[in-house]
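User: Please take a close look at one part of this model, the contact between its chains. Set it in its surroundings and keep it brisk.

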Amino acid sequence: MHVELSFDLVLDLHFLVTGRFPIALRDEIAKHKQEIYDGLTQDPDRPDMLSVAREIDAAGRRFYVLFSSDKHQVDPDSDARPLRVIDIIEMQKK
Amino acid sequence: MTPLKSTQNPSLNALEEQLEFSNVTNVREKLLPLMDRLQENPPLRMIILKHGAPQAVLMSYQTYDTLKKLVDTLVKNNDALTQQQRVDAAYARLRAERGSSVRPAAEIGVNLDAQVEAAKVILNELQNMLAESQTKIQKLDRVLVQERTVAG
């Protein structure tokens with residue numbers, strides 16, 4: 001099984017166009033995608049989604065990152081498991 | 001330069017309507033005429049390939065300016081939302097992808113048509129290299145024949 005990571009369109013804009021989020025954060029998320037996927041649980045508000053949130057440090061900054069996987073987009077015949085980054089919020093680093 | 005034929009789904013491939021492919025060497029040699037073409041035809045975009053893979057895009061300043069305004073509008077609209085609205089919108093976009101065998105072009109960089117065109121550019125380069133090699137071999141053959149004649 002391999003995890004297919006993708007980012008919401010607006011987040012991609014912030015990574016690749018506005019520069020609001022550092023590319024290092026993208027790399028950090030990609031590095032841990034398997035363990036993040038393994039930590040997904042049933043989203044209490046959305047029956048069709050699994051979700052998990054993580055605090056991730058990158059480029060000396062801390063971010064709250066919300067991940068989800070759409071149960072309807074899992075192809076049982078494929079080895080790929082989709083993981084979408086839904087939202088990112090920069091936090092005050094303690 | 002390899003023009004790409006327009007595809008069936010205009011909404012998905014809006015940015016690929018007037019797309020051409022070129023390699024770095026070609027762009028380096030023909031940058032000024034290319035810039036003239038962009039001035040004459042602002043929707044034209046040139047994907048620059050390095051070792052056959054897409055690396056950069058050359059576009060008119062008008063196109064860039066329009067895209068910049070579009071991004072600014074999207075970002076401003078998104079920033080005006082509450083966090084809950086933002087998350088709901090992201091989930092709506094995720095659900096909208098269900099059942100689609102074609103992934104958004106932005107996710108994969110270029111679509112299948114674009115990959116075929118990129119392969120054609122590489123094939124063209126290989127053919128040129130092969131032709132050059134054949135010419136060199138023919139020259140070497142001639143030199144060899146001359147040397148043998150002199151030695152004989």
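Analyst: **The chain contact and what lies behind it**

Chain B has 6 helices and 4 strands. Both kinds of element are DSSP runs, numbered from the N terminus: helices are H or I with at least four residues, strands are E with at least two. Read from the N terminus, the order in chain B is β-β-α-α-β-β-α-α-α-α.

The model is predicted: local features need pLDDT of at least 70, side-chain atom pairs count only at pLDDT 80 or more, and totals for chains, interfaces and linings use all residues. Residues are numbered from 1 along each chain as its sequence is written, while chains are lettered from A and ligands numbered from 1 in the order in which they are written.

Start with chain B. Of its 152 residues, 10% are buried. Buried means 20 or more other C-beta atoms within 10 Å of the residue's own; exposed means 12 or fewer, partly exposed in between, with C-beta atoms placed from the backbone. Among chain B contacts with a separation of 6 or more, 55% join residues 24 or more positions apart. A contact needs C-beta atoms, placed from the backbone, within 7 Å.

Helix α3(B) has 19 residues. From first C-alpha to last, α3(B) reaches 26 Å, close to the expected 27 Å. The expected span is 1.5 Å times one less than the number of residues. α3(B) lies largely in the open, because 0 of its 19 residues are buried.

Now the interface. Here 17 residues of chain A are in contact with 15 residues of chain B. On the chain B side, α3 (61-79), α4 (83-96) and α5 (105-108) each supply at least two residues. α4(B) gives the largest share, 7 residues. By class, the chain B side has 8 nonpolar, 1 polar and 6 charged residues. Nonpolar covers Ala, Val, Leu, Ile, Met, Phe, Trp, Tyr, Cys and Pro; charged covers Asp, Glu, Lys and Arg; the others, Gly among them, are polar.

One residue shows the contact in detail. A:S68 sits in strand β4 of chain A. It touches B:L94, and within chain A its partners include A:D43, A:M49, A:R84 and A:I86. A:S68 counts as buried because it has 25 C-beta neighbours inside 10 Å. A:L40 is 28 residues away in sequence, yet 7.4 Å away C-alpha to C-alpha.

β3 (49-58) and β4 (61-70) of chain A pair antiparallel over 10 bridges. Pairing takes at least two DSSP bridges. A:I56 faces A:F63 across this pair. Their hairpin has 2 residues between the strands, and A:A59 takes a positive phi near 50 degrees. β4(A) also pairs antiparallel with β5 (80-91) of chain A, over 7 bridges. There, A:Y64 has A:I89 as its bridge partner.

Finally, the core. A nonpolar core is a set of buried Ala, Val, Leu, Ile, Met, Phe, Trp, Tyr and Cys residues joined through C-beta atoms within 7 Å. The largest one has 18 residues; A:L11, A:V65, A:F67, A:V85, A:I86 and A:I88 touch the most other members. Elements giving two or more residues include β4 and β5 of chain A, and also α4 of chain B. β5(A) gives the most, 4 residues. A:F67 contacts, among others, A:I36, A:L40, A:V52 and A:V85. A second, separate core has 6 residues, including B:L19, B:F21, B:L44 and B:I47.

Conventions
Two residues are in contact if their C-beta atoms, placed from the backbone, lie within 7 Å. Lists of a residue's contacts leave out its neighbours within four places in sequence.
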